[in-house]
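Trainee: I am new to this structure. Could you take me through it, one question at a time?

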Amino acid sequence: MLLANKVALITGGAGLNGLGFATARLMAEHGARVVIMDLEAANPAAAAAQLGEGHLGVVASVTDKAQVERAVAQALEKFGRIDVLVNNAGITQPRKTVDITGADYDAVLDVSLRGTLLASQAVIPAMERQGSGSIICISSVSAQRGGGILGGPHYSAAKAGVLGLARAMARELAGAGIRVNSITPGLIGTDIIKGKLDDERKAEIAESIPLGRLGHPKDIAGACVFLASDLSAYCTGVTLDVNGGMLIH
Ligand code: NAD
């Protein structure tokens with residue numbers, strides 16, 4: 001039980017095949033009370049109910065400051081504290097540079113980058129009062145290698161922005177006992193890639209990965225539990241690569 005007595009809030013955690021829900025499940029198994037924040041259409045209350053008794057689903061778009069603040073207030077009202085924030089909500093679009101419209105740019109950067117800022121801003125006061133907290137930001141290997149397999153350059157830029165934001169918050173908040181770290185997943189089999197790669201392409205990609213397979217959501221969940229728990233008490237500002245060796249640098 002690495003997270004006994006801890007409260008963890010996970011953005012974009014309602015998709016049952018996603019990284020966020022796998023993280024929610026593993027954190028609950030480790031004793032955390034979990035708050036799943038997601039869009040109304042994703043039904044975060046139903047996802048939280050799947051974790052068992054004593055968890056909470058809250059509706060908010062991470063792009064909307066007032067909605068995020070309201071959802072965090074609901075979490076604090078129920079649990080009285082927030083120990084862990086996982087900034088997981090994200091969307092991607094395959095685009096060539098010249099084809100990225102203003103609307104594409106806004107959509108992708110708003111969820112990953114603005115969303116990471118807004119959710120962090122909303123939980124920091126509670127973490128400061130507690131004198132402790134762990135913020136985990138889900139970036140992407142795409143930020144490091146100049147494009148992933150599915151996302152366009154605006155996605156890489158958003159995820160690289162997340163790394164910069166996380167490092168700067170780590171430096172700023174360390175004195176308050178708040179650690180901020182990032183994870184850069186490689187290609188993970190979730191709904192974000194559903195219907196976008198056929199089996200042949202997946203096999204080709206797997207062959208190019210040193211560990212010989214795509215990632216599972218639980219691979220990211222394990223890294224999140226490590227960064228959420230006291231096992232990583234001396235880690236802040238790190239970028240944890242979870243990509244099967246896809247990028248060794
Ligand atoms: P997913 O599509 O299964 O999950 C994304 C979740 O974010 C969904 O539950 C969705 O409802 C939610 N969401 C979208 N917009 C939102 C908003 N405005 N407010 C709140 N929630 C919102 O995808 P996933 O693969 O589980 O992705 C999770 C994170 O991991 C994303 O940030 C993604 O960019 C990142 N990532 C995924 C991969 C991969 O290969 N799957 C690789 C690297 C990084």
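Mentor: Start with a salt bridge, meaning a side-chain nitrogen of Lys or Arg within 4 Å of a carboxyl oxygen of Asp or Glu. Arg213 forms one with Asp219, and their closest N and O atoms are 2.9 Å apart. The model is predicted: local features need pLDDT of at least 70, side-chain atom pairs count only at pLDDT 80 or more, and totals for chains, interfaces and linings use all residues. Residues are numbered from 1 along each chain as its sequence is written, and side-chain values use heavy atoms, without hydrogens and water.

Trainee: Is Asp104 buried or partly exposed?

Mentor: Buried means under 20% relative accessible area, exposed over 50%, and partly exposed in between (1.4 Å probe, protein chains only). Asp104 meets Arg95 in a salt bridge at 2.9 Å, N to O. Arg95 has 32% relative accessibility, so Arg95 counts as partly exposed. Asp104 has a relative accessible area of 10%, so Asp104 is buried.

Trainee: Which helix holds both Glu69 and Lys65?

Mentor: These two form a salt bridge, with the closest N and O atoms 3.5 Å apart. Helices here are DSSP runs (H or I, at least four residues), strands are E runs of at least two, and both are numbered from the N terminus. Glu69 and Lys65 lie four residues apart, about one turn, in helix α3.

Trainee: How many salt bridges are there in the whole structure?

Mentor: In general, side chains of opposite charge can pair when their charged atoms come close. A search of the whole structure finds seven.

Trainee: What is the volume of the largest pocket?

Mentor: A pocket is an open set of points on a 1 Å grid over the protein atoms alone, where a 1.4 Å probe fits, with protein on both sides within 12 Å along at least five of seven lines; lining residues have an atom within 4 Å of a point. Points join across faces, edges and corners, and the volume is the space filled by probe spheres set on them. For the largest pocket that space is about 840 Å³.

Trainee: How many residues line the second largest pocket?

Mentor: Its volume is about 200 Å³. Gly133, Gly177, Arg179, Asp230 and Ala233 lie nearest its centre, and the lining residues number 14.
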